[in-house]
Amino acid sequence: MSGTVSGRHAREEPGRAPEASGATPPADEDWAILVAAARTVRDRSYSPYSRYPVGAAARTDSGRIVTGCNVENASFGLTLCAECGVLSQLHATGGGRITALVCVDAADVPILPCGRCRQLLVEHADPETPVLSPEGPITLGELLPHQWKLTEPTQHGRRAR
Ligand SMILES: [Zn+2]
């Protein structure tokens, strides 16, 4: 599945101006739209082992909403988090940058990305990008300070700064 949630919201918000990447946190009504999109895709989660469905929705710098749900695997280690689906849909629908993100669990509580997904997200969002937590928005930079980034090795095998 892809595109149905973002397409629906795109029609509901004609003429919506793209937000500056990570510049200002979404207004409460924008968070509500993202939470609703995350709930919708959460209900399509494949989570028969944990029975812990998760949906995630992100706003992009072009104003699109991209979504994803967790996809478990019997091996457990190969399970994909909902944020993986968000990033796949981000690039499958035109790329860009994420400007806001929310993940919700089965109880509709905003949950924060796991450590692996924080590292995945930093390549597609700015440190100032807000992520909805149960206490309100916090930034991706607060969630993952001192992010690892690929740099060219130096002649002596140490990474350049
Ligand atoms: Zn994750």
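This is a predicted model: local features need pLDDT of at least 70, side-chain atom pairs count only at pLDDT 80 or more; totals for chains, interfaces and linings use all residues.
Let's start with the layout. The protein has five helices and five strands. Read along the sequence, the order is α-α-β-β-α-β-α-β-β-α. The chain holds 161 residues, and 34% of them are buried. Now the contacts.

On to the core. The largest nonpolar core has 30 residues. Which of them touch the most other members? They are L34, A38, A56, A57, A58, L101 and V102. Eight elements are on the list of those giving two or more residues to this core: α2 (28-42), β1 (55-60), β2 (65-69), α3 (82-92), β3 (98-104), α4 (115-121), β4 (130-133) and α5 (140-143). Strand β3 gives the largest share, six residues.

Leave out residues up to four places away in sequence. A56 then touches A38, T67, G68, A82, E83, G85, V86, L101, V102 and C103.

Next, helix α2. W31, L34, A37, A38, V41 and R42 are the buried residues of α2. They cover an arc of only 140° around the axis, which means they sit on the same side of the helix. Here is the general rule: an α-helix has 3.6 residues a turn, so residues three or four places apart point the same way. Turn to the other side of α2. There, D28, E29 and A32 are exposed.

Last stop, P53. Where is it? P53 lies in the loop between α2 and β1. Is P53 buried or exposed? P53 has 21 other C-beta atoms within 10 Å, and the cut-off for buried is 20 or more, so P53 counts as buried. Who are its contacts? Again, skip residues up to four places away in sequence. P53 touches R42, S45, S47, C69, N70 and A106. R42 in that list is also one of the buried residues of α2. P53 and N70 are 17 residues apart in sequence, yet their C-alpha atoms are 6.5 Å apart in space.

That's the tour. Questions are welcome.

Methods
Residues are numbered from 1 along each chain as its sequence is written. A nonpolar core is a set of buried Ala, Val, Leu, Ile, Met, Phe, Trp, Tyr and Cys residues joined through C-beta atoms within 7 Å. A residue is buried if 20 or more other C-beta atoms lie within 10 Å of its own, exposed if 12 or fewer, and partly exposed in between; C-beta atoms are placed from the backbone. Helices (H or I, at least four residues) and strands (E, at least two) are DSSP runs, numbered from the N terminus. Two residues are in contact if their C-beta atoms, placed from the backbone, lie within 7 Å. The arc is that of the directions from the helix axis to the C-beta atoms.
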